[in-house]
Every structure is written in C-alpha cells, then in structure tokens.
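This briefing concerns a structure with an interface between chains. Please consult the sequence and the model shown here.

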Protein chains: 2
Amino acid sequence: MTSVLEPLQRALVGVVGKERVLTDPGDRHVYGYDNSRKHHSPDAVVFALTEDEVRDIVAVCRAHKTPLIARGRGTGTAGAAVPVRGGVVLSLERMRRIITVDPDNRLMRVEPGVTNQEVQRAAAAHGFFWAPDPTSAAYCSVGGNIAVNSAGPRAVKYGTVRENTLGLRAVTGRGEAIRTGVDTTKGAVGYDLTRLLIGSEGTLAIITQATLKLTPQSTARRTLRAIYDDMHHAAAAVSRIMAQPVTPCALEFLDGAAIAMVPDFHKTLPAHTGALLLIEVDGPEAAMDEAVAAVSAAARGAGLLELAAATSAGEAQALWAVRKALSPALRTLAPNKLNEDVVVPVSRIPELVAGLAALSRRFGIPIVNFGHAGNGNIHVNMLYDSQNAQQERQARPCLSEVFDLVLRLDGTLSGEHGVGMEKRDYVARAIDAPTLALMRAIKAQFDPDAILNPDKLFPLIS
Amino acid sequence: MTSVLEPLQRALVGVVGKERVLTDPGDRHVYGYDNSRKHHSPDAVVFALTEDEVRDIVAVCRAHKTPLIARGRGTGTAGAAVPVRGGVVLSLERMRRIITVDPDNRLMRVEPGVTNQEVQRAAAAHGFFWAPDPTSAAYCSVGGNIAVNSAGPRAVKYGTVRENTLGLRAVTGRGEAIRTGVDTTKGAVGYDLTRLLIGSEGTLAIITQATLKLTPQSTARRTLRAIYDDMHHAAAAVSRIMAQPVTPCALEFLDGAAIAMVPDFHKTLPAHTGALLLIEVDGPEAAMDEAVAAVSAAARGAGLLELAAATSAGEAQALWAVRKALSPALRTLAPNKLNEDVVVPVSRIPELVAGLAALSRRFGIPIVNFGHAGNGNIHVNMLYDSQNAQQERQARPCLSEVFDLVLRLDGTLSGEHGVGMEKRDYVARAIDAPTLALMRAIKAQFDPDAILNPDKLFPLIS
C-alpha cells in the first residue's frame with residue numbers, strides 16, 4: 001500500500017469495513033484482467049453488498065477523483081472491466097440475491113452479481129427462462145450481461161438483453177440512486193433510461209438491481225444439422241431460413257476452418273465438408289413436424305451435402321457438442337487470436353464470408369468463422385503467432401479492414417461483446433460525429449467528473 | 001399573419017417554398033388539436049419532404065427561438081402534438097415513403113409519415129407484419145407510434161415499438177442529423193439512442209426515418225370468448241392465462257359497464273354477465289388445438305359463465321366486433337370522459353379493478369374499463385357530465401386517486417398513449433427526482449434552446 005492511497009483506502013474501509021477492501025498487490029492483481037487478456041491492476045478492490053454501499057463508494061471515488069470500474073465476473077472479452085487507469089474496482093459478485101421470482105407477472109428481480117445460470121435455474125423452476133444465454137452462462141453475471149447487452153444463440157428468436165429487461169436500479173457517477181423502467185411489459189412515461197444503461201459498459205451508472213422479463217419455456221425442441229460444401233452455400237441457406245415464417249430458436253454456423261479446429265470431428269463428416277449449420281426449433285410438440293419440415297425445406301439447396309435431424313435428446317446434445325467444443329479448441333490451438341463478434345444483415349453474410357476469405361489471403365492470417373448466423377452475428381477469429389514477425393505486423397491492419405468490410409455491408413462492430421477498450425478506436429467509423437458527441441454529452445450528465453470506467457466505449461480523444 | 005411572424009414565415013418559405021407553409025388562421029387551426037380534444041393554434045404549419053428540410057426548419061426555429069412541434073396524423077390522445085405555446089407545427093404527413101421492404105433481413109425502412117396500416121400492407125405482401133397495432137392503425141403515422149411508444153393488442157406476444165425498431169434517423173434540437181441503432185437484430189456499440197428517442201414525444205429530436213423490425217405472420221389463429229360473472233373473476237383468469245406457457249397474441253377484456261355501452265350487445269350474453277375476455281392464439285395450424293386447450297384450461301375457473309371458440313373467420317370477426325365497437329360507443333355516449341391507459345402487473349389487475357370500483361362509488365363518477373389485459377394495460381374511462389357541477393368538480397380528484405392507486409400497485413401511468421400535456425402533472429409521482437433530473441439534463445443535450453415540443457412530457461416547473 002503506497003501512502004498516496006491511504007486516504008482512499010481509509011474512506012472505502014469506512015463504507016464497507018476492512019474485510020471487503022483488498023489492497024494487497026496479489027489480491028488486487030486478479031481483479032485487473034478480464035477475458036480480453038488485457039491487464040492493469042487497480043489501486044483497490046471493494047465489495048459492495050447493498051445499493052447504499054454502492055452509492056457511498058461512488059461518493060468516495062468522486063471525492064478522490066478516482067476511476068471506478070464496476071465488475072461482474074470478468075468474463076467480458078472486450079476489456080470493459082479492466083481498470084486501465086487504475087482506481088477502484090467495485091466487484092458486484094457478492095450482490096447476488098434473487099429478490100423475487102414472479103411467474104404470474106413473468107418477471108424476476110435480481111441483484112447484478114447473480115450468474116446467468118442461477119437466473120435460468122430459478123426461472124426454470126417455474127417453467128420460464130431469461131432469453132440472454134451467453135456461452136459463459138455458468139460464470140458470467142447478469143449485471144455484466146446487462147452492461148454489454150450480451151446475448152447468445154437464443155437471441156435470434158427471443159431477443160437480447162434490451163428486449164428482455166423491464167427496469168433497473170442504478171447509481172450514477174453523481175452518486176445518486178435512480179430507478180428506471182417499469183414492472184410491466186408496457187410503459188410510455190418518460191425517457192427510456194433502462195435501454196440507455198443496457199450496453200453502456202459501466203460508463204453511466206452502476207447497476208444495483210434488474211427486473212428481468214421472463215419467457216415461457218417451450219415444451220418441445222428439435223435439432224438439425226445441415227452440412228454444405230462451402231460457406232457461401234451455407235450462408236445462402238441461412239438467408240433462406242430467416243426469410244420463411246418459422247423462426248429457429250438457434251441458428252449457428254461453423255465454417256470449414258472452425259470444423260477443422262475440433263479434434264477428429266471432420267472425420268465424421270462427408271468429404272468436402274466446407275461448412276455446417278446447427279438449426280434448432282422449439283414450440284409445442286404438435287408443431288414440431290411442421291417446423292422441422294419448414295426449416296429443412298429452406299436448408300435444402302445448392303451445396304447441401306447432408307441434412308439430419310436428431311431423433312433423441314442425446315443426439316441433439318451430440319450435435320451441439322461440436323459447437324461447444326469450439327471455443328476451448330480455439331483457445332488452445334492458436335498462439336494468439338483476435339476474436340471479434342461482428343454483425344451484418346443476414347442477407348449480406350455471403351459477402352462477408354467472401355470478403356473475409358480475401359482478407360485472410362491478402363494478409364496471410366488464418367481466419368476462422370463461426371457464430372450466431374440467424375442474427376448475422378459472426379465470430380471472426382484471426383489466428384496469428386506473435387512470434388511470426390510478418391503475422392504480428394499484419395494482424396491489426398487485417399482487423400481494421402475486417403471492420404471496414406462489416407460497415408460497408410451495413411453491419412456493426414459488435415453484436416454482444418461490446419466495445420470496451422478493444423474496439424474503442426473503431427467506434428468513430430461506426431457512429432457519426434454528431435451522434436457520438438451526443439453520447440459523450442449524455443455521459444457527462446450521468447458522470448460529470450468522468451470517474452466511471454474511463455477510457456472505455458468511446459474513442460480516446462488525442 | 002401578424003407582423004411579428006413575418007420574418008419566421010419568410011424563413012420557412014425560404015426552406016420549403018410558399019406552398020408548404022400554412023399561415024392562414026383557418027388552415028393553422030386544424031393543426032392545433034389532436035385526439036386529446038385540446039387545442040391551441042400554431043403560428044405556422046410547415047410540411048417537410050426531406051431530412052435536409054427538417055434540419056433547415058429546426059435551424060429556422062432555433063434562430064427565432066420558436067417552439068417546434070413535430071406532428072404525424074394527430075391521433076394521439078395525450079395532447080403531445082398540441083402546440084400549447086404556439087410556434088411552428090412541422091407536419092411529417094407528406095414524408096410517407098416506404099424506402100425498403102427487406103424480407104430477407106426482416107426489416108422495413110420508412111419515413112415517419114407513412115401510416116401504420118400502409119406499413120402492415122407492405123409487410124404482409126411478404127408474409128410479415130410490424131408488431132405495433134394501435135386501434136387507430138388506419139390513420140396513425142408510424143412516426144407518431146414511435147414518438148409515444150404506442151402499441152396495441154398484439155404487444156402481449158410481440159412487444160411494443162421499443163422491441164420492434166432497429167434504428168432511426170432524426171434531427172435534434174441542435175439541428176443536427178443523427179443516425180441511431182443498427183440494421184441488424186444485435187448491436188452492442190455505443191449508447192442505445194434508438195430507444196431513448198422512442199417514447200420521447202418529439203422533445204429530443206424529430207424522427208426522419210425508421211428501420212422497423214418485421215415478424216413473420218402466423219399461419220393459423222384461433223379466437224375465444226370467455227364470459228364471467230364479474231371483473232374479479234375475469235382478472236383472475238387473466239393472471240392464470242399469463243402464468244402458463246402459451247402466450248396469447250391478444251388478451252383483451254371488457255368490464256360490465258363497457259359491455260353495456262355497446263348497443264344491444266348484452267342481450268346476446270348470459271344473464272349476470274359482468275366481464276368478458278377475448279383471447280386469441282396464433283402459430284402453426286398443427287399447434288392450434290393444443291394452444292386452444294391450454295388457454296381454455298386457464299380461462300376456466302370461478303365465475304366462468306361461458307367459454308366459446310370461434311369456428312370460422314367470420315365468427316372470430318364477430319367476437320372482435322364488440323371490442324372494436326366500444327371506442328366509438330364511448331365517444332358518443334359520454335358527454336365528457338377522462339380516458340387513461342394505466343398499466344399494472346397482471347397479477348394486480350384484480351386489486352386495480354376493486355380499487356377503481358371503490359373510487360367510482362366514492363366520487364360518483366361512472367368508470368368503464370377495458371383494454372389489453374395481457375399486458376395489464378387497462379383503459380380506464382371516467383365518464384362525467386361537465387354540466388353536472390358535482391361530477392365536474394370530482395372528475396380530476398378522482399383521476400388523481402386512480403393514478404395513486406396504479407402506482408401503489410407497482411404500475412405505470414401510461415402503457416401506450418404517452419404523457420403529452422394530459423399526464424405531465426403526475427409524472428413526478430411515477431419517476432423519482434434524480435431520475436427526472438437526469439431526463440431533463442438529457443433533454444438539454446439534444447435541445448439546448450428548449451424549442452422542441454415545450455411543456456410536454458415533463459412536469460411544468462412552477
């Protein structure tokens with residue numbers, strides 16, 4: 001503990017007590033990273049248990065002009081939780097109460113530190129679920145999901161955090177507790193601050209409570225796998241599937257390079273397999289045959305090598321296992337990787353895929369694509385070896401061209417990972433100057449001293 | 001035309017030409033009211049055809065420090081389009097192009113003056129619809145729907161404007177064109193200004209274009225009518241229906257007083273009818289029997305007098321005809337009425353109904369209730385005769401108590417009509433002071449000279 005920190009530390013201890021303030025360098029270190037693999041140690045870590053404590057912690061940081069970075073479980077991939085300028089990391093992981101499960105009104109009220117999986121379990125006990133389902137559901141916090149508007153495969157049918165959150169409680173950078181939204185599924189009184197906070201990555205306010213909108217579970221589900229000779233044919237099938245009335249509850253894809261990443265998997269597939277779609281439909285049992293027939297008809301077309309429907313829950317799980325094995329496989333196989341989650345309108349996926357292939361060839365960087373094709377949300381993984389000087393030099397210029405390509409196709413830079421520090425330098429390409437200026441002006445109203453998560457989401461002003 | 005107005009008039013003519021500026025008192029008069037029956041004549045009416053013209057009109061009004069009130073088709077019921085402080089009414093009714101219908105990407109791009117019905121027709125040609133469906137669909141503009149987040153019966157299953165709009169173009173009170181949101185169903189880059197503008201009633205910016213999210217039409221639909229002995233039993237049935245997995249695509253109700261409003265209708269009903277539910281389910285044909293069985297099971301219970309499912313499209317239309325006859329009936333039967341669209345969590349509807357009955361008795365004001373029960377969105381109609389001194393004196397105090405009741409039940413003051421001028425005096429009861437102060441601060445960023453729709457949405461500062 002350096003002497004500079006002592007007044008800040010004392011003030012934090014004054015709010016929450018000694019046991020809930022970490023100042024030891026080793027303890028602080030682990031709160032300095034997230035899944036972006038970026039790292040910067042905070043000057044202190046503090047654990048809040050109540051909204052009043054959050055309010056008092058904001059007041060302390062404001063008085064000390066110290067950055068304050070709210071943190072869930074650190075599973076974000078864009079560096080939004082990394083305290084790049086030091087300051088105080090406010091961990092919300094101990095604010096994890098499920099306050100109400102209210103199936104009659106199809107809502108749950110939770111604290112931000114509860115995990116997505118805990119929410120799903122509590123909802124499932126009443127026959128409901130909360131639509132956002134990031135791959136990290138077992139670990140990620142709902143507060144983090146809200147902060148970056150993170151979704152997952154189900155969003156194609158059931159929407160993202162913005163469509164599934166009714167209201168919030170939060171503490172602004174002014175240290176004021178606010179209450180946004182409603183407890184009802186309709187509301188037309190005042191400005192929608194709920195959605196403004198969703199996706200704001202802790203730069204406007206610190207979420208202390210959320211009212212989540214629940215959806216009834218479907219009674220039946222069918223999983224199909226469609227295999228194509230190349231990505232262009234698979235992408236065309238995605239467009240066809242989304243242009244017909246049966247909306248799948250998941251429409252995932254893997255390109256050939258992604259398939260090759262999963263050990264031994266390609267051996268089980270037809271020769272010349274170039275891409276794979278996982279298609280899931282849900283609804284009442286009586287509608288399943290018709291739904292399977294509708295998506296199957298749309299899946300059929302040029303380049304289809306095989307189309308199979310799982311005939312049991314076990315078979316369906318096996319089909320999904322490949323998709324789920326992919327992220328860990330990528331993690332171990334690639335020495336370095338830039339992992340983006342760009343989005344384009346579904347009909348532009350073929351152009352995106354062609355453009356990515358051209359960039360891969362031009363820059364000599366292998367690119368592996370998979371993701372939530374039904375939303376046009378493609379996880380673009382640029383694999384490179386930082387020991388390879390040529391690749392190391394080309395990775396960032398290649399990324400820059402990927403983003404330009406996405407924007408030319410009327411897409412957006414991120415569908416569910418957010419901006420954080422990873423993408424802030426590219427935001428001005430996606431959002432025009434007057435709109436960005438308004439966002440900064442709004443930020444200044446919530447956080448006049450700019451203490452909340454500085455240097456995130458916005459381009460740095462040089 | 002007074003001499004004071006001449007420079008303003010000349011400036012507007014400079015932007016759009018003489019033919020698109022109305023200054024004659026008779027011409028201006030008709031742009032001074034909306035469906036709230038409030039009226040105040042504007043000083044000028046101007047018709048824009050392009051976003052550039054909107055921008056230049058804002059610049060003119062800003063230079064002249066003149067109020068600027070955007071107007072769609074004037075069907076709003078809360079007075080949001082009434083130019084209470086004079087100034088310029090900017091009619092968007094001629095900006096009515098459908099720019100794109102893009103079924104592959106499930107979106108439409110439209111100008112604000114297109115009617116809801118025109119949007120529905122263009123979408124239906126491709127097998128889609130836009131979820132918001134106000135009763136005034138044939139006349140109301142999409143820009144107006146967006147400005148007040150107005151929905152309709154379908155919202156219970158398909159959501160409101162906020163869940164069904166991907167992005168906007170708009171001109172702020174600074175006269176700057178901004179572009180919000182994305183062309184995709186996922187997006188996590190920057191603050192969500194799209195939803196901030198939705199429901200802001202023209203106080204932040206003037207919408208010049210909208211990207212609407214389309215939903216596939218269902219192939220089948222079934223309509224049921226359930227009749228109960230009283231509203232409490234009907235309200236309990238609503239809760240049961242919403243707590244089971246099959247979400248109806250409409251769940252409307254009429255109380256006994258509402259039923260009595262429709263001429264001769266009660267004669268066709270069982271004796272002692274006290275309330276009626278219209279329940280509609282949609283989906284694939286194969287799922288209809290199961291869906292009808294599920295909602296029927298939930299509808300059954302104490303107080304059910306009759307449950308019937310329409311066996312043809314004609315029968316279904318006949319069931320709906322009663323609901324649709326109600327608004328016109330109310331208009332002609334009641335000398336005066338206060339028509340509110342409060343919302344409570346579905347499980348609190350029985351308490352709301354009981355509380356409204358008590359207020360009706362206490363104040364001697366007949367109250368007729370009907371509306372979108374599946375969202376807890378109840379149209380509360382206080383009928384009175386302004387020639388009756390006792391009723392005239394009691395109407396506003398009764399309304400005030402209705403709002404207090406709604407807020408005690410965790411509800412909100414409006415589900416789809418918005419605040420306008422009608423409810424601005426009650427907003428501070430629903431939104432706490434720091435949250436309201438933030439909303440005002442945000443308003444000042446978009447509209448620093450406070451020219452956009454002054455004296456709306458916010459409580460007047462005395």
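**Domains and the A–B interface**

The C-alpha centres of domain 1 of chain A and domain 3 of chain A lie 38 Å apart. This is a predicted model, in which local features need pLDDT of at least 70, side-chain atom pairs count only at pLDDT 80 or more, and totals for chains, interfaces and linings use all residues. Residues are numbered from 1 along each chain as its sequence is written, chains are lettered from A in the order in which they are written, and side-chain values use heavy atoms, with hydrogens and water left out.

**Domains**
- An automatic or database domain assignment divides chain A into domain 1 (3-91), domain 2 (98-216) and domain 3 (220-408).

**Extent of the interface**
- Chain A and chain B each contribute 82 residues to the contact (heavy atoms within 4.5 Å).
- About 6700 Å² is buried between chain B and chain A, 59% of it on carbon and sulfur atoms; buried area is the accessible area (1.4 Å probe) that two parts lose on being put together, summed over both.
- On the chain B side, B:Lys186, B:Val189 and B:Tyr191 lose the most area to chain A, together 15% of what that side buries.

**Charged pairs**
- There are 6 salt bridges between chain B and chain A (a side-chain nitrogen of Lys or Arg within 4 Å of a carboxyl oxygen of Asp or Glu).
- One of these salt bridges joins B:Arg162 to A:Asp192, with the closest N and O atoms 3.0 Å apart.
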